[in-house]
Amino acid sequence: MANFSHGGTDALGVPAHDFSTNRNACGPCPAAVAALQSAHVAQYPDPLYTDLRAQLAAFHGVALARVLVGGSSSELIHRFTQHAVRSGARRATLPPHHYGDYLQAAQVWGLAAQSRSVPGPQGLHWACEPSSPLGVLDEVWPDWAQPPASGSTWRMLDCAYRPLWLEGTAPQRDLDTVWQLWTPNKALGMTGVRAAYAIAPLHAAAQELEALRLLAPSWVVGAHGVAMLQAWVTPPVQQWLARSLETLRAWKAQQLALCEQLGWQVIPGHQANYLVARLPLPPQDLARSLAALRTHGVKLRDCASFGLPGHVRLGVLPPASQAALAQAWNLLES
C-alpha cells in the first residue's frame, strides 16, 4: 500500500477540531451544497464536459480548448506526470517544501526528483502559490519570466490556495505562460467532493491537449463534481467566498495571537488560511503530543513529510476550535 501523508479524517474518524487540512472553515458553501443536492445523478455526465468547460473558460477568460477537467488535483498531478514521461521528461523539479503528491507521482512514473537548486531546465517543474505548507510567495517567478530552454519543459502552477489569499491581494502573474491547476473544493469548504480542472498555457498545442484528455478514464468527474465546479463560477458562490475571506481574516488574527500565547513560533510570510508553527518541545516528542491531542478531538498536521520536522501546519478554524486547542494543549502541559 502506498504511504500517503494527508490531514483530515483518519482511523479515529472525523476530528471534532480539524486543523490538519486547509479547507475554508466557513464552509461548506450553502449555494454549492444546494447545487450538489440538485445534481442529476440518474445519467452519466457529458463525457467531454462541454458546458462545464465553457463555463470555466468564461470564468477565467480563456478559450474553451484550454480547459481540462480532472478527478482531483492529485489525479491531474499523476496524469500530467505520466504525460511528461511519455513525452520525454526525465526529471521533476520540486519546491523546497511541497505537497507530497508531486514527489509520489514522480516516483511512480520513474522521474528523477530534484530541487530547484540543481541545474537542468528540461522536465516537469512544480510551483504552488501560496505554497504548501508555508503559505508563502513562490520564488520561482524570476526563472519562469524567461522562456523555457527546451520544448520538453512543463511549468506547473498549483493554484489550490490562490482563492484563499488573506493577506492583501494576490500578486499579478502571467498565468498564460504556465499550466494552472485549480481545486475549488478547498475554497468552498467541501474537500469531500473530488473534482478539479487545469488551464493550459496560451500556446499549448492541440495535440498535447488531446493527449492529456485521452489519458483520463471515461467520466473522470461524476455528477456531484460537475455540480460543484459549475457552482464555483456563479456570482452567489463567489460572493459567499468573498465574505468568508473577511471572516477567515478575523479568525486568523485570533489564531496567531493564540499561537503566541502558547509559545509556538510561527514561520512568517503566510498569505492564506493556514500557517506553520514550531512547537516548544523536542522534535522526537512531537508525534506523541499530536497523538495525545487527537484523543481530545484536536488534529494538527505534522510537517515532517514536508521537510519541516518539529513543526505543525494549522488551518484557520473558528474561535470555538481554537479554544479547544488551547484547552487540550494546556492539559498536555500540566
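Helix H8 is largely enclosed by the rest of the structure, because eight of its 10 residues are buried; buried denotes a relative accessible area under 20%, exposed over 50% and partly exposed in between, computed with a 1.4 Å probe on protein chains only. Helices (H or I, at least four residues) and strands (E, at least two) are DSSP runs numbered from the N terminus. The model is a predicted one, in which local features need pLDDT of at least 70 and side-chain atom pairs count only at pLDDT 80 or more, whereas totals for chains, interfaces and linings use all residues. Residues are numbered from 1 along each chain as its sequence is written, and side-chain values use heavy atoms, with hydrogens and water left out. The buried residues of H8 are Ala223, Gly225, Val226, Ala227, Met228, Leu229, Ala231 and Trp232. Their cover includes helix H1 (30–37), helix H2 (50–60), helix H6 (184–187), strand S8 and helix H9, where contact means heavy atoms within 4.5 Å.

The loop between helix H7 (206–215) and helix H8 (223–232) contains Trp219. This residue is partly exposed, with a relative accessible area of 34%. Beyond its neighbours within four places in sequence, Trp219 is in contact with Tyr44, Pro45, Asp46, Pro47 and Tyr49. A polar atom of the Trp219 side chain lies 2.9 Å from the backbone oxygen of Pro45. Trp219 and Leu48 are separated by 171 residues in sequence, yet their C-alpha atoms are 8.1 Å apart.

Seven strands form an open sheet of mixed pairing, in the order S2-S8-S7-S6-S5-S3-S4; two strands pair if DSSP finds at least two bridges between them. Strand S2 (67–70) and strand S4 (112–115) stand at the edges with a single partner strand each, so one side of each is left without a neighbour in the sheet. The twist from one strand to the next averages 25 degrees; axes are lines fitted to C-alpha atoms, for helices over the stretch in contact, and angles run from 0 to 180 degrees between N-to-C directions.

Within this sheet, strand S5 is largely enclosed by the rest of the structure, since six of its six residues are buried. S5 and S6 run parallel and are joined by six bridges, with Leu157 in S6 as the bridge partner of Ala127. S3 and S5 also pair in the parallel sense, over two bridges, and Ala92 stands opposite Leu124 in S5. Strand S6 (residues 153–158) is in turn joined to strand S7 (residues 179–182) by three bridges, again in parallel; Met156 has Trp179 in S7 as its bridge partner. Strand S3 (residues 91–94) includes Thr93, which counts as buried at 5% relative accessibility. The side chains of Thr93 and Gln114 are joined by a polar contact of 3.3 Å. A polar contact is a pair of N or O atoms within 3.5 Å; within protein, one must be able to donate a hydrogen and the other to accept it, and residues adjacent in sequence count only if both atoms are side-chain atoms.

Helix H3 (residues 73–86) lies across S2, strand S5 (123–128), S6, S7 and strand S8 (196–199), running at about 120 degrees to S2. The end C-alpha atoms of H3 are 20 Å apart, in agreement with the 20 Å that its 14 residues should span at 1.5 Å a residue; the expected span is 1.5 Å times one less than the number of residues. Buried residues in H3 include Leu76, Ile77, Phe80 and Ala84. At the start of H3, a side-chain oxygen of Ser72 reaches to within 3.3 Å of the backbone nitrogen of Ser74. Gly88, whose phi is positive, near 115 degrees, follows the helix.

A further open sheet, of four strands in the order S9-S10-S13-S12, has antiparallel pairing. Its edge strands, S9 (265–266) and S12 (301–302), each pair on one side only. Two bridges join S12 to strand S13 (residues 311–315), and Asp302 stands opposite Val312 in S13. Helix H9 (residues 235–262) packs on the sheet, touching S9, strand S10 (274–278) and S13, and its direction makes about 5 degrees with that of S10.

The structure holds zero disulfides, a disulfide being a pair of cysteine sulfur atoms within 2.5 Å. For Cys159, the nearest cysteine sulfur is that of Cys128, 8.0 Å away; Cys159 is buried, with a relative accessible area of 0%. The sulfur of Cys303 is 12 Å from the closest cysteine sulfur, in Cys259, too far for a bond. Cys303 is buried, its relative accessible area being 0%.
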